[in-house]
Each structure stands twice: as structure tokens, then as C-alpha cells.
Amino acid sequence: MKTLLALNGITKEYSGKKKAAVSNISFELQKGEIVTILGSSGSGKTTLLRIIAGLEIPDAGNITLDEKVINSPSIFIPPEKRNCSLVFQSYALFPNMTVKENIFFGKQSRENLEVINELITMTNIQEIQNRFPHQISGGQQQRVALVRALAINPSLLLLDEPLSHLDQDLKTKIRSELSDLFHKSETTTLIVSHDMEDAMSISDRIIIIEEGEVVQIGTPLEVYNYPTNRYSALLFGESNFIPKNMFSENCEHFFDTKSDQDVVSVRPSQFSLFNTNSSNDKLVIEGEVISVNILGDYKQVEIKRNQFILKINLPILFDVKISDFLKFVCDKEAK
Ligand code: ADP
Ligand code: MG
């Protein structure tokens, strides 16, 4: 595969701030890849996208796009010459132009008529083409912004929290369509998001950033199953951080600065009830149920063994009450 985008040591500090907004960031995107930068609010995601788009100048580092250096201490290629499209979180549509005029604003867009029409149908905005941005909903504005960005056939598409304003139904539908669309059009896409579901469902790879620094890069399943710190694990929902020495086999672990020991991250859904056929004995744990919570499709119980409390999900119909003793096995696969 060919590298399309490469960042090397990108750093940006805003004056008056104690910590750099982004710090020594390096990664590569292969041509055609869809990658999400996942991080909590304030972790530097938007700053990083703006730097790649050329809207912000880094204090240090280099960026190469399509084998051309676009940022270095001595080179700065302006945004309009970068052949990338950035979709802002706030859409930034031209208020005095109709939807159609917005979409066909870019020069190259007129050459891509077929693709654009497909995009318009796919995103279901045919009916609103003659309206102005203030006459359509937030979700529609977001889709128009996306179509406008793709209309110029950019070699790199940059999306800032692209689905954050869509309601849940539309989000689920659009996620899979987007990933199809990006793959089909072979548009290399870099998304920034704080939403792990977006990241999991759309991306080929995920880059986790914490306070402006890269903490982990991997496929969605790698980062979900094998986080390299507590922050990375918790971006994907709850997890148990179990001391490594409770396992009989060596499992993928990390040094946890909070508990000051090596721990294995095991999610509440990664246990099953022990029975004599359980073949896996790397972690068998027995304890007393101290709470039962019904959480929609499943029950979550907390079980206590000595001072240690574990959260475990059980089938909704499983009969369990406080003070029961239950035995579980961890069925998380080794890496
Ligand atoms: P995210 O998009 O992940 O929420 P941002 O990139 O917007 O994070 O912000 C990262 C950090 O940089 C935050 O601490 C934010 O307050 C700061 N920051 C962002 N833009 C500016 C700016 N123009 N001036 C000063 N500080 C900024
Ligand atoms: Mg942001």
C-alpha cells in the first residue's frame, strides 16, 4: 500500500496554555484508508485536523501529503493548494447559497456529476436542493457539508465529529453507508471523533489521543480488546482492571498508574458463567453478588472477592440476586 499522509513530530502550543494542544504526533495514513482519531473533549483533535488542512501552523514537525511536503520548518503550502477537504463540526455552509449551489461550489465538482448525484441520493437530500442552509435541519446541513466536501474529489477528506448532530436512527444508518462510500470512492478519510461507536463502525484503524499525545494505534478490535492504558480502555465503555497476577496465563496487560500495578483490561461482557466444561482456566473467579442492575438487554452484576469488585454482564433472563455466590471465567481471547 502507498502512504498518502504522513505526520512526523507535529507539535502545536497555544500561547498562555500550560500544555501543548498537540505534542509530537506522528502517524501515517495509507491510500484509501479510513482512520479515526478518537479522544475526549479537549484532547487536541480539532487542532490536529486544522493543522493538516493548513488552517493552523504547527510549531514543529513535518507533514507529507501525496509525496509532497506540505508543512516543514521552511515550507507551508496554503489550504487551497492541499487537495484536501475539511468538514467542520459546525458545517460552515455558505448561508447565501442554496444547497445545490453549496454542493457545486468547487470548480472540480462539475466534473464529478455522476458521483455527486449518487451522493445526493444516498444522503437523501434530493428534496431540499433549492433551499438555503437556514431552511434545513442540522442533520441535513451536515449531510450537505459532507457531499460538498466529497464533490471536489479530494485526495484526503478530513471530518470533524461528522455524525455528532445526527439523531441515533440516522447515525446508525449513515455510519455503514459512509464507510461503503469512502471505500467505494477510495477517498482516504481522517475522522476525528469522541464517539467510540462511530470509530468502531467506520474505521479501518483508530488512533487514540490523550492530552495531545498519541497513546495507541490499532484496528478497532485491537484497541477495544487490548488497550494500552486506562484512558484508552474507558473511551470504549466500562472495563475491569484486574491485577495481572490473578491470571494463570500471561495476558496482554499494561502498567496502570492509578493502581500502581500491571493490570489486564476485561470488559463486563467478557466473562461467562463457569461450568465443568469450561475449557479456559486462565482466570476463574468466584465471589458474592453485591448489586444487580438491569440495563436493557442484559443484567450487570457486581461481584466482590476479597476487596476486589468486578462488573460482569449476564443474560437478562438469568436469575440472580444479592448475596448469591457465582463463579465466572474470563473468556477474553489472548492476543
Ligand atoms: P478537541 O477537538 O479534541 O476537543 P481542541 O483541538 O479543540 O480539542 O483543543 C485542544 C486544546 O487546545 C484545548 O485545551 C483547547 O482549549 C486549546 N485550544 C484550541 N484552540 C485554541 C485557540 N485557538 N487558542 C487557544 N487555545 C486553543
Ligand atoms: Mg473538536
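Predicted model: local features only at pLDDT ≥ 70, side-chain atom pairs only at ≥ 80, totals over all residues.
Is Lys-311 buried, partly exposed or exposed, and what is its relative accessible area? Lys-311 is partly exposed, at 28%. In this talk, buried means under 20% relative accessible area, exposed means over 50%, and partly exposed lies in between, with a 1.4 Å probe and protein chains only.

Good morning. Residues are numbered from 1 along each chain as its sequence is written, chains are lettered from A and ligands numbered from 1 in the order in which they are written, and side-chain values use heavy atoms, with hydrogens and water left out.

I begin with the overall picture. The protein chain has 335 residues, of which 49% count as buried. Its C-alpha atoms fill a box of roughly 70 × 50 × 40 Å, taken along the principal axes. Eight helices and 19 strands are found in the chain; these are DSSP runs numbered from the N terminus, helices being H or I with at least four residues and strands E with at least two.

I turn now to the salt bridges. Side chains of opposite charge can pair when their charged atoms come close. A salt bridge here is a side-chain nitrogen of Lys or Arg within 4 Å of a carboxyl oxygen of Asp or Glu. The whole structure contains nine of them.

Lys-311 takes part in one, with Glu-238, at 3.2 Å from N to O. This pair links distant parts of the chain, 73 residues apart: Lys-311 is in strand 18, and Glu-238 is in the loop between helix 8 (230-234) and strand 12 (240-243). Glu-238 is partly exposed, at 38%.

A second salt bridge joins Asp-198 and Arg-175, at 2.7 Å from N to O. Asp-198 lies in helix 6 (residues 196-202) and Arg-175 in helix 5 (residues 168-184), so this pair ties together parts that are 23 residues apart in sequence. Both residues, Asp-198 and Arg-175, are buried. Together with Glu-197, they are linked in a network of salt bridges.

Glu-56 counts as buried, at 16% relative accessibility, while Arg-50 counts as partly exposed, at 27%.

Next, the ligand. Which residues are around ligand 1? They are Tyr-14, Lys-17, Ala-21, Ser-40, Ser-41, Gly-42, Ser-43, Gly-44, Lys-45, Thr-46 and Thr-47, where a residue is included if one of its heavy atoms lies within 4 Å. This shell divides into two nonpolar, seven polar and two charged residues.

Oxygen atoms of ligand 1 lie 2.9 Å from a polar side-chain atom of Lys-17, 2.8 Å from an N or O atom in the side chain of Lys-45, and 3.2 Å from a polar backbone atom of Ser-43. On its own, ligand 1 has 570 Å² of accessible area, and the protein covers 61% of that; such areas come from the Shrake-Rupley method with a 1.4 Å probe.

Finally, the surface. Ile-294, Ile-316 and Leu-317 make a nonpolar patch of about 340 Å². Patches consist of residues with over 30% relative accessible area and no salt bridge, with nonpolar side chains joined within 5 Å and like charges within 9 Å. Ile-316 is partly exposed, at 31%, and is found in the loop between strand 18 (308-315) and strand 19 (325-330).

Thank you for your attention.

Key
Polar contact = N/O pair within 3.5 Å; in protein donor to acceptor, adjacent residues only side chain to side chain. Nonpolar A, V, L, I, M, F, W, Y, C, P; charged D, E, K, R; others polar.
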